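Here is a short briefing for a first look at this structure. The sequence and model come first, then the points by topic.

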Amino acid sequence: MEHSVSVKDLKIRYLQKGTGAPVVLFHGYSFSADTWVETGLFNALARDYCVYSFDMPYGIKSRSDKLDTENREHYAEFVHDLLKTLVIHTPSLIGASISGEVTLRYLIGGHSAQAAIVIGPAGMNALAGQLGRITTPLLGIWGDQDTISPPSHAELIREHVKNAEVRIIEGAGHACYLDEPGIFMKIVKGFLQRVSA
């Protein structure tokens, strides 16, 4: 289940399980690939999909080598290089917080994905004028108590992205997948089933 791959001279740790269409999980800055296992999402999705969970080249708990940059555009290009290296074609992407922003930048850059889910994505104000470039089916999920990425930013997705849905989880904070894992998992699985139908 645990593997590593070299991307642009960086050793990247990741977990992989299951068969079927690829689903790729990216963690927030304070978490790691293992967070998605701890929430139950990784194993639940692996029953129906080929699931990858990466230790990103940023963040305080990641065990991958770090990119020598804080530029989020460079992170998005890294994601493109990572998926290309592992020959992961047209995956569904799930990114939380900083990785939600990176996922949006990846899509804005015209890179392919079956669908994307962003959870409390950071940097929304900076991306507002570019969100209209996204044509991939997109789901934004926020906790209504999120103080890091305000749920009011959901309006930017509603306003600018054509194939977008937004869900707000009541009583949940920035890491809504930890606060309400059952509700979160139901939303994610329902969306992935709809976009693949």
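Val5 touches Leu10, Lys11, Ile12, Tyr14, Leu82, Thr85 and Leu86, leaving out residues up to four places away in sequence. Touching, or contact, means heavy atoms within 4.5 Å. This is a predicted model: local features need pLDDT of at least 70, side-chain atom pairs count only at pLDDT 80 or more, and totals for chains, interfaces and linings use all residues. Residues are numbered from 1 along each chain as its sequence is written, and side-chain values use heavy atoms, with hydrogens and water left out.

**Around Val5**

- Val5 sits in strand S1, residues 2-7. Helices (H or I, at least four residues) and strands (E, at least two) are DSSP runs, numbered from the N terminus.
- Val5 is buried, at a relative accessible area of 12%. Buried means under 20% relative accessible area, exposed over 50%, and partly exposed in between, using a 1.4 Å probe and protein chains only.
- Thr85 is 80 residues from Val5 along the chain, yet their C-alpha atoms are separated by 8.3 Å.

**The whole protein**

- The protein has eight helices and eight strands.
- Its radius of gyration is 15 Å; a compact globule of 197 residues would have one near 16 Å, so the two agree. The radius is taken over C-alpha atoms, and the globule rule is 2.2 Å times the number of residues to the power 0.38.
- Along the principal axes, the C-alpha atoms fill a box of roughly 40 × 35 × 30 Å.
- Of the 197 residues, 54% count as buried.
- Take the contacts with a separation of 6 or more: 64% of them come from residues 24 or more positions apart.

**Helix H4**

- H4 is largely enclosed by the rest of the structure, because 11 of its 11 residues are buried.
- The buried residues of H4 include Ile98, Gly100, Leu104 and Ile108.
- These buried residues pack against strands S3 (22-26), S5 (92-96), S6 (115-119) and S7 (138-143), and against helices H3 and H5 (124-127).
- Just after H4 comes Gly110, with a positive phi of about 85 degrees.

**Where H3 meets H4**

- Two packed helices are described by the angle between their axes and the distance between the axes.
- The axes of H3 and H4 (residues 98-108) come within 8 Å and cross at roughly 75 degrees. Axes are lines fitted to C-alpha atoms, for helices over the stretch in contact, and angles run from 0 to 180 degrees between N-to-C directions.
- H3 is therefore roughly perpendicular to H4. Angles of 65 to 115 degrees count as roughly perpendicular, under 35 as roughly parallel, over 145 as roughly antiparallel, and the rest as oblique.
- H3 brings Arg72, Glu73, Tyr75, Ala76, Val79, His80 and Leu83 to the contact, and H4 brings Ile98, Glu101, Val102, Arg105 and Tyr106.
- By type, the residues of this contact are seven nonpolar, one polar and four charged. Ala, Val, Leu, Ile, Met, Phe, Trp, Tyr, Cys and Pro count as nonpolar, Asp, Glu, Lys and Arg as charged, and the others, Gly among them, as polar.

- Thr69 lies in the loop between S4 and H3.
- The side chains of Thr69 and His74 make a polar contact of 3.2 Å. A polar contact is a pair of N or O atoms within 3.5 Å; within protein, one must be able to donate a hydrogen and the other to accept it, and residues adjacent in sequence count only if both atoms are side-chain atoms.
- Asn71 is in the loop between S4 (50-54) and H3 (72-85). Asn71 is partly exposed, at 32% relative accessible area.

**Loops on either side of S5**

- Val87 lies in the loop between H3 and S5. Val87 is exposed, at 55% relative accessibility. Its phi is near 55 degrees, a positive value in a residue other than glycine.
- Ser97 lies in the loop between S5 and H4. Ser97 is buried, at 14% relative accessible area. Ser97 is not a glycine, but has a positive phi of about 55 degrees.

- His111 lies in the loop between H4 and S6. His111 is buried, at 15% relative accessible area.
- Its side chain makes polar contacts with the side chains of Glu77, at 3.2 Å, and His80, at 3.3 Å.
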